[in-house]
Amino acid sequence: MKTIAIIGGGVTGVTTAYALAKRGFAVTLLERHRYAAMETSYANGGQLSASNAEVWNHRSTIRKALHWLLRRDAPLLVHLHPTWHKLSWFTEFIGAMERYHDNTIALARMAVAAREHVFRWAEEENIQFDLRRQGVLHLHRDRTEFEHAVAVSKLLERGGVRRRQVTPDEMRSIEPSLRGTYYGGHYTDSDSSGDIHKFTTGLAQAAQRLGAQIHYNQHVVQLSASQHGVDVTVLRDNGADTQRYDAVVICAGVASRAFAAQLGDEVNCYPVKGYSVTIQLDDAASQAAAPQVSLVDDTVKLVCSRLGDHRLRIAGTAEFHGHNRDIRADRIAPLTAWVQQNFPDVCTRAITPWAGLRPMTPDLMPRVGPGKAPGVYYNTGHGHLGWTLSAATADMVASAIAAGRDAVTARASPSTRCATART
């Protein structure tokens, strides 16, 4: 395998391009937007948080979803309009509840491996992305929530993630700007935060320096695999153009399901919409009042990250509404209200709202590895942990492709054949 096409220029596509380029492959990344990281990798919560590796396949998730069913501002909102995809996805989601413990541990291990790649790549390539290695603090407002988090921490520790219980006084010592009343918290000092868009665009430039070709404004409409390679058809102004590659890696976010169907595979990603607001900290009072440590409010399922001196990012919520990308005022309002309630001295006059679709599988495990057809690979379906896991899954799929190349080379080597004959 020499030439590899990557479909999608978000964080998973770009990390995959970089990992493959470092291994000497001729990489061509095809992205439908004008720039990298313009959809789900544009304005997420900004956390590299192994402490968030708990999968959602738990009875408490079902209970909360039912409780919030008729609230338009609910942290978890399921639109009642039925579709076959939504119904089948939730059926598989419930079926995966029996694997809750094992999958949480597996994601934690993956997240730990990923953070080492991110830090090393950023240092080697001099990527500046507002990195803060000050940990992530989880906030718990009642005993039930805290005790659930204690149980989760035991699973995370089995996956290599250590987070410690902290009292309300310790929480305020970790983040002095914290207001409000809390039962307790958990702090993971090995977690970090930063700007996913800056990281992804910086790594895309690094991949290009290693020889990867990145083509933007590429509307991929058809994929076809055979023993001779993978044909990728791109729609252009003057018609369709088809190029053949030795292999393809699908990193197309919520579009991965449709591409997989063309290739004879089932990749059950549902588009789960999340929202964020980015607050400009234009005055000294807001800069002083805004938190420095990245936070997770487990009650309302919101995260908060400081991006440099002049920005604060608040993100969260999960909305099951198909491929709808609308930014709804009633979904944005709780994010701004959370800042006003918890950090009242932060001015919220200048905010930028955003919404993105997370590609989420029913068991919340990303799809990484080969498809049915030769030369077809996947690195998609990371859900709410896209940035946290992407570097590890990129290394996994790149290693699998490199192993296949090395095996072919070994079989074709005369010296290998002679050695085999002598034995």
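User: What does Thr348 touch, leaving out residues up to four places away in sequence?
Analyst: Thr348 touches Ile279, Thr336, Val339 and Gln340. Contact here means heavy atoms within 4.5 Å.

User: Before going on, what sort of model is this?
Analyst: It is a predicted model, in which local features need pLDDT of at least 70, side-chain atom pairs count only at pLDDT 80 or more, and totals for chains, interfaces and linings use all residues. Residues are numbered from 1 along each chain as its sequence is written, and side-chain values use heavy atoms, with hydrogens and water left out.

User: Where does Thr348 lie?
Analyst: Thr348 is in the loop between α10 (329-342) and β18 (351-360). Helices (H or I, at least four residues) and strands (E, at least two) are DSSP runs, numbered from the N terminus.

User: And what separates Thr348 from Asp241?
Analyst: Their C-alpha atoms are 48 Å apart, and the two residues are 107 residues apart along the chain.

User: Stepping back, how many helices and strands does the protein chain have?
Analyst: The protein chain has twelve helices and 20 strands. Its radius of gyration is 22 Å, close to the 22 Å that the globule rule gives for 423 residues, so the chain is as compact as a globular protein of that length. The radius of gyration is taken over C-alpha atoms, and the globule rule is 2.2 Å times the number of residues to the power 0.38. Along its principal axes, the C-alpha trace spans about 75 × 45 × 45 Å.

User: Sheets next. What is the strand order in the open sheet of six strands?
Analyst: The order is β9-β2-β1-β13-β20-β19, and the pairing is mixed. Two strands pair if DSSP finds at least two bridges between them. At the edges are β9 (213-215) and β19 (367-370), each of which pairs on one side only. From one strand to the next, the twist averages 20°.

User: In which sense do β1 and β13 pair?
Analyst: Strand β1 (residues 3-7) and strand β13 (residues 247-250) are parallel, with four bridges between them. In this pair, Ala5 stands opposite Val248 in β13.

User: Which helix packs on that sheet, touching β1 and β2?
Analyst: That is helix α1 (residues 11-22), which touches β1, β2 (26-30), β13 and β20 (376-380). The direction of α1 makes about 170° with that of β2. Axes are lines fitted to C-alpha atoms, for helices over the stretch in contact, and angles run from 0 to 180 degrees between N-to-C directions.

User: What about the open sheet of three strands?
Analyst: Its order is β10-β11-β12, and the pairing is antiparallel. The edge strands are β10 (219-226) and β12 (239-245), each pairing on one side only. Strand β11 (residues 229-236) is joined to β12 by seven bridges. One of the paired residues is Val230, whose bridge partner in β12 is Tyr245.

User: Back to α1. How does it cross α7?
Analyst: The axes of α1 and helix α7 (residues 196-209) come within 9 Å and cross at roughly 30°. That makes α1 roughly parallel to α7. Angles under 35 degrees count as roughly parallel, over 145 as roughly antiparallel, 65 to 115 as roughly perpendicular and the rest as oblique.

User: Which residues make that contact between α1 and α7?
Analyst: On α1 they include Val11, Val14 and Tyr18, and on α7 they include Ile196, Phe199 and Leu203. The contact residues divide into eleven nonpolar, two polar and no charged. Ala, Val, Leu, Ile, Met, Phe, Trp, Tyr, Cys and Pro count as nonpolar, Asp, Glu, Lys and Arg as charged, and the others, Gly among them, as polar.

User: At what angle do α1 and α4 pack?
Analyst: The angle is about 70°, with the axes 13 Å apart. The two helices are therefore roughly perpendicular to each other. Thr15, Tyr18, Ala19 and Lys22 of α1 meet Trp121, Glu124 and Glu125 of α4. These residues divide into three nonpolar, one polar and three charged.

User: Last pair: how do α4 and α5 pack?
Analyst: Helix α4 (residues 100-125) and helix α5 (residues 143-158) pack at about 60°, with their axes 8 Å apart. They are therefore oblique to each other. Among the contact residues are Tyr100 and Ile105 of α4 and His148 and Val152 of α5. The residues of this contact divide into six nonpolar, three polar and two charged.
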